[in-house]
Amino acid sequence: MGYCPSSKMLNKAMVMLCAKPKSKAKGMLEESKEKKKIKGTVVLMKKNVLDMNDLKASFLDWVHELLGKGVSLQLISADHANPANELRGKLGKPAYLEKWISTVTPLTAGETTFYVTFEWDESIGFPGAFIIKNHHHSQFYLRTVTLDDVPGHGRVHFVCNSWVYPAHRYKYDRVFFSNKTYLPCQTPEPLRKYREEELENLRGKGRGQLKEWDRVYDYDFYNDLAMPEKGDHFARPVLGGSHESPYPRRGRTGRKPHKKDPNTESRLFLLSLNIYVPRDERFNLVKFSDFLAYAVKSLFQVLVPEIAALCDKTINEFDSFQDVLDLYEGGIRLPNDATIKKIRDCLPWEMIRELVRNDGERLMKFPMPAVIKEDRSAWRTDEEFARETLAGLNPVIISRLQEFPPTSKLDPKVYGNQKSTIRKEDIEMNMNGLTVEEALKSNKLFILNHHDGLMPYLRRINSTISKIYATRTLFLLQDDDTMKPLAIELSLPHPQGDNHGAVSKVYTPAEDGIEGSVWQLAKAYAAVNDSGYHQLISHWLNTHAVIEPFIIASNRQLSVVHPIYKLLHPHFRDTMNINALARQTLINAGGVLELTVFPGKYALEMSSFIYKTWVFTDQGLPVDLVKRGMAVPDSSRPNGLKLLIEDYPYAVDGLEIWSAIETWVSEYCSFYYPSDDVVKEDNEIQAWWEEIRNVGHGDLKEETWWPEMKTQAELIQACTIIIWVASALHAAVNFGQYPYAGYLPNRPTVSRRFMPEPGTPEYAELEKDPDLAFLKTITAQFQTLLGVSLIEVLSRHSTDEIYLGQRDTPEWTSDAEPLAAFERFRKKLVEIESRIIERNNDCRLKNRNGPVKVPYTLLYPNTSDYSREGGLTGKGIPNSISI
């Protein structure tokens with residue numbers, strides 16, 4: 001399938017000999033003596049406003065139809081070229097959508113089917129593409145076009161999935177290709193120019209402000225986060241384009257520079273959702289309605305307790321854990337029975353359906369987070385604290401300790417001595433009779449290390465309202481594969497300067513009295529570190545931000561008929577849109593992330609510092625596990641690895657998912673690329689990879705770890721990593737946010753004061769009322785409400801979610817073997833679902849549920865689910881980073 005002749009001269013000669021135009025009209029077939037009619041079916045969706053068709057637009061389109069300005073389609077031959085038109089495929093006669101005026105469409109937005117009839121001439125051969133011209137007033141979303149009984153070819157299907165604006169908005173023809181798949185050298189010569197020109201159109205000219213009908217994919221720096229008009233407090237460095245502040249590129253909007261700072265791009269109104277991304281990258285109707293419904297619901301959930309707090313003697317403070325529980329308890333419980341479900345299903349508007357969910361949520365209350373649903377206090381146990389490093393919302397940081405005491409990789413010339421102050425005598429009393437040396441040798445010591453990542457920014461962060469430490473937390477692996485914390489080290493920069501090293505204090509487990517209260521605070525400081533690192537690095541940087549350059553490059557350099565485009569495209573859905581919205585309201589200066597997570601104004605700058613050490617090839621799960629010391633190579637194991645913690649839910653489930661993805665990608669790529677030479681000679685693949693390295697991730701282009709993209713194995717590796725990051729990795733670090741952090745005392749995002757010292761009023765308060773002291777230390781009430789509202793939205797699956805192993809259309813390619821390979825992939829994922837359920841029901845695997853009784857389902861694929869219910873399920877791997 002992947003063979004391509006080195007010379008194309010023979011192909012061109014054949015086209016010249018076979019092409020016999022009978023008309024001087026450019027690209028147009030002369031009428032044939034024998035005419036045949038070809039029927040076609042067109043599925044589209046008219047312009048809409050939320051869940052309703054745009055009545056004004058529909059009326060104006062109706063007027064245009066009356067005036068003879070309809071929607072035309074013109075078939076392009078894949079067999080015969082017109083030498084007078086640069087060997088482009090011959091064009092058939094334009095055919096128009098039929099009965100636009102008389103076809104009744106409901107008020108509720110949705111798909112409508114139209115018909116079209118083409119005059120057919122046998123000499124056109126196979127119609128490999130078509131040109132569509134929209135002469136109406138308004139745009140529409142073109143989903144599919146299907147031709148019936150094409151002579152010699154039968155049914156021909158076109159998957160379009162694109163917004164088509166009025167023809168005058170474009171300086172080129174809108175062209176759509178059939179669902180056949182071609183390497184560049186296999187492209188039928190009559191379609192070659194159309195393929196190349198389509199990519200040129202998507203690349204754009206690199207200048208000017210982009211409009212909603214533009215389809216341009218281009219790069220820019222993160223220079224749109226600051227608000228210079230608000231003063232120095234809202235100034236932010238440009239991320240990307242420099243050695244000091246490297247960053248992945250984001251999609252270009254072309255907005256003008258800010259009047260007060262030419263290095264900053266001007267911003268839209270804060271709540272505007274109209275930030276430019278290519279129109280086809282925007283949320284679809286269902287997703288957008290769900291998104292707005294979640295936002296409206298969350299707004300009320302914030303306002304109600306905030307208004308009530310105005311009458312409280314301690315404004316913006318929780319006075320007890322019951323105050324926190326009141327966010328979820330009480331309220332009106334919506335009915336949850338079959339009758340209400342039927343009524344909800346009959347509602348025509350998606351947004352209303354989401355506002356009236358019947359899955360047990362209470363009106364005007366936050367849903368009960370899973371971490372406190374079964375037991376209100378189990379989250380405070382040491383066992384659960386440790387378990388969440390393996391099966392919580394950030395299970396990608398824990399690593400095996402390989403030398404004691406822990407060391408630092410920070411430059412001692414700049415940061416002095418940063419070696420840990422944890423001593424053997426601090427921990428051996430709790431090590432079940434083991435010495436440190438014995439535990440290291442038997443791979444039983446592990447560390448949650450947030451020291452080096454935070455220390456360079458700690459002095460600046462603590463100049464704000466945040467008061468945090470850089471933490472190291474040591475754990476012992478026990479015989480039942482559970483872990484228990486041994487010590488937590490809290491470190492601050494030396495008061496005399498960074499080059500003097502760190503000032504550290506070590507805390508060890510205790511249950512009762514003031515010692516127990518201090519230990520609970522020590523765990524909270526470690527959790528604050530982990531929460532901030534999770535949100536900024538594990539979640540935002542290592543999934544959302546790093547994937548966007550791959551999306552841009554794929555659309556600029558890979559044709560829609562390219563096999564790798566078809567492989568990767570489902571895993572890019574909605575990512576550019578959600579990233580653009582994040583830059584607008586979440587990660588911008590003064591945005592929700594800065595308000596709710598401890599680094600505050602230094603958040604994105606800190607993520608830039610950590611991006612310096614990002615390595616693409618380390619993002620694959622097996623390499624990551626080995627690098628963190630959580631696994632060692634073992635060829636006798638199914639995945640070639642032996643886990644050093646066998647009951648490590650993220651790794652156990654993840655390795656099965658990784659293996660399924662890798663097998664699917666290998667089978668798919670091997671079909672189109674049977675040899676390394678085919679990879680090397682694929683000019684689109686080579687341009688794609690060169691642009692990813694030199695532009696999309698251009699600040700790291702000199703790194704030696706980049707694959708050269710010269711072999712089949714390198715292509716398989718790269719595609720597997722991209723799919724893993726966009727699907728499973730993102731699911732693992734995103735959809736557990738509300739189940740675990742929806743109850744913020746379990747995962748606080750801010751600490752507002754340091755550990756109380758004996759003899760201070762804070763220490764006396766800790767002795768007298770440890771719960772109140774704990775709540776005064778962690779995130780305040782308003783920040784809690786804001787943060788919980790945000791992660792509730794982020795943790796919900798949309799009702800149109802497409803999960804790993806599913807496609808939005810079954811006819812995404814016409815090639816039988818890739819379709820069969822995808823079906824094997826789907827069945828493999830369904831088998832993995834069954835095994836995950838079995839593991840969660842195995843009482844010997846204590847980390848699968850833990851003291852809080854929350855089964856680990858974040859890597860449950862949900863491939864078998866076609867219910868389109870969505871919601872806070874805590875399970876399911878969407879194809880893409882779509883929220």
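The charged end of Arg279 lies over the ring of Trp163, 4.2 Å from the ring's centre. A charge counts as sitting over a ring if NZ of Lys or CZ of Arg is within 6 Å of the ring centre and within 35 degrees of the ring normal. Arg169 gives another such case: its charged end sits over the ring of Trp213, 3.8 Å from the centre.

Before we go further, note that this is a predicted model, in which local features need pLDDT of at least 70 and side-chain atom pairs count only at pLDDT 80 or more, while totals for chains, interfaces and linings use all residues. Residues are numbered from 1 along each chain as its sequence is written, and side-chain values use heavy atoms, with hydrogens and water left out.

Now look at rings beside rings. A search of the whole structure finds 43 aromatic pairs. One of them joins Tyr648 and Tyr650, whose ring centres are 6.1 Å apart and whose planes meet at 50 degrees, so the pair is tilted. The rule is that rings of Phe, Tyr and Trp (its six-membered ring) pair if their centres lie within 6.5 Å; planes under 30 degrees apart count as stacked, over 60 as edge-to-face and the rest as tilted. Are these two tyrosines buried or exposed? Tyr648 is buried, with a relative accessible area of 0%, and Tyr650 is buried as well, at 1%. Here buried means under 20% relative accessible area, exposed over 50%, and partly exposed in between (1.4 Å probe, protein chains only). Elsewhere, rings gather in one aromatic cluster whose members include Tyr222, Trp540, Phe616 and Trp706.

Next come the empty spaces. Rolling a probe the size of a water molecule over the atoms shows where empty space is left. On a 1 Å grid over the protein atoms alone, a cavity is a set of points where a 1.4 Å probe fits but cannot get out, and a pocket is an open set with protein on both sides within 12 Å along at least five of seven lines; lining residues have an atom within 4 Å of a point. Grid points are joined across faces, edges and corners, and a volume is the space filled by probe spheres set on the points.

Helices (H or I, at least four residues) and strands (E, at least two) are DSSP runs, numbered from the N terminus.

The second largest cavity holds about 170 Å³ of space. Among the 15 residues lining this cavity, Gln535, Gln737, Ala741, Thr749 and Ile791 lie nearest its centre. Here α26 gives the most, with four residues.

For an open space, turn to the second largest pocket, with a volume of about 1600 Å³. Of its 41 lining residues, the closest to the centre are Lys409, Tyr533, Thr613, Lys627 and Arg628.

We finish with the cysteines. How many disulfides are there? The count is zero, where a disulfide is a pair of cysteine sulfur atoms within 2.5 Å. Cys160 is buried, at 11% relative accessible area, whereas Cys843 is exposed, at 72%.
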